[in-house]
Amino acid sequence: MILICFVMTGQLLRLQFKGRVEYLEKTILMIEIIQTQLSFVNSDITSLLIMLCENRSLNKLVFIKKCKELINNDIPFEKAWEESIKSFSSSLSNNDKSILISFGSQLGKSDLQGQINNCLLHKQRLEFQLNNAQSQMKKYGNLCFRLGCLSGILMMIIFC
C-alpha cells in the first residue's frame with residue numbers, strides 16, 4: 001500500500017509537467033487562431049471568443065468559456081480575461097498566466113497591425129515557456145516517477 005502511494009505521487013508530479021506542456025501548446029494554438037482571425041477577418045473580441053469557444057481543439061482551455069460568461073454578465077473584456085485566467089486551475093505557472101493576462105490586456109486596444117504584433121510577441125514568449133516546460137518535463141518528469149518508486153520501496157523495506 002505504501003509503495004502504491006509513493007508511486008502514484010511520483011506519477012502525479014510527472015503528469016503535472018506533461019500537463020503544463022499540453023496547456024502551453026493549446027494556448028499557443030489559441031493565439032495563432034486569434035492572429036489568423038484578426039489578419040483575414042478582422043473579428044471583434046466577442047466574435048473571437050465565440051469562435052474560440054466553438055473550437056474543439058481548445059476545449060482544455062476552460063478560461064475561454066469563463067471569459068465569455070463574464071462578458072455576457074457585462075464585465076469588461078480585460079477584467080473578464082484576467083479573472084478567468086487567475087481562476088483557471090491548471091499546471092500553468094504564474095509566469096505563464098501573467099503572459100496570458102498581458103496578452104488579453106492588449107487585445108482589442110490598438111489598430112490591426114498592433115494586435116497582430118501583440119499576438120506575435122506573446123506567442124514568442126509562450127514558445128519560450130514551452131521550451132522550458134519541455135526541458136523540465138524531460139529532466140524532472142521521469143525523475144519524479146522513479147523517486148516515487150524508490151521512496152516507496154525504501155519505506156516498505158524500513159516498515160515491513
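Helix 2 and helix 3 are oblique to each other, in a scheme where angles under 35 degrees count as roughly parallel, over 145 as roughly antiparallel, 65 to 115 as roughly perpendicular and the rest as oblique. The model is a predicted one, in which local features need pLDDT of at least 70 and side-chain atom pairs count only at pLDDT 80 or more, whereas totals for chains, interfaces and linings use all residues. Residues are numbered from 1 along each chain as its sequence is written, and side-chain values use heavy atoms, with hydrogens and water left out.

The axes of helix 2 and helix 3 come within 9 Å and cross at roughly 140 degrees; axes are lines fitted to C-alpha atoms, for helices over the stretch in contact, and angles run from 0 to 180 degrees between N-to-C directions. Helices are DSSP runs (H or I, at least four residues) numbered from the N terminus. The contact (heavy atoms within 4.5 Å) is made by Leu49, Ile50, Leu52 and Cys53 of helix 2 together with Ile64, Lys65, Cys67, Lys68 and Ile71 of helix 3. By class, these residues divide into seven nonpolar, no polar and two charged, where Ala, Val, Leu, Ile, Met, Phe, Trp, Tyr, Cys and Pro count as nonpolar, Asp, Glu, Lys and Arg as charged, and the others, Gly among them, as polar.

The largest nonpolar core has 36 residues, and those with the most contacts inside it are Met30, Ile34, Phe63, Ile64 and Trp81. Each of helix 1 (2-40), helix 2 (45-54), helix 3 (62-72), helix 4 (77-86), helix 5 (94-106) and helix 6 (112-159) supplies at least two residues of this core, and helix 1 gives the most, with nine residues. Such a core is a set of buried Ala, Val, Leu, Ile, Met, Phe, Trp, Tyr and Cys residues joined through side-chain atoms within 4.5 Å, buried meaning under 20% relative accessible area, exposed over 50% and partly exposed in between (1.4 Å probe, protein chains only). Residues up to four places away in sequence not being counted, Ile34 touches Leu48, Leu52, Phe103, Leu107 and Cys119.

Gln35, placed in helix 1, counts as buried at 17% relative accessibility, and, with residues up to four places away in sequence not counted, touches Ile116, Cys119 and Leu120. Gln37 is likewise found in helix 1, and its C-alpha atom is separated by 7.5 Å from that of Leu48, 11 residues apart along the chain. In helix 4 lies Ser84, which counts as buried at 1% relative accessibility and, its neighbours within four places in sequence left aside, is in contact with Phe63, Lys66, Cys67 and Leu70.
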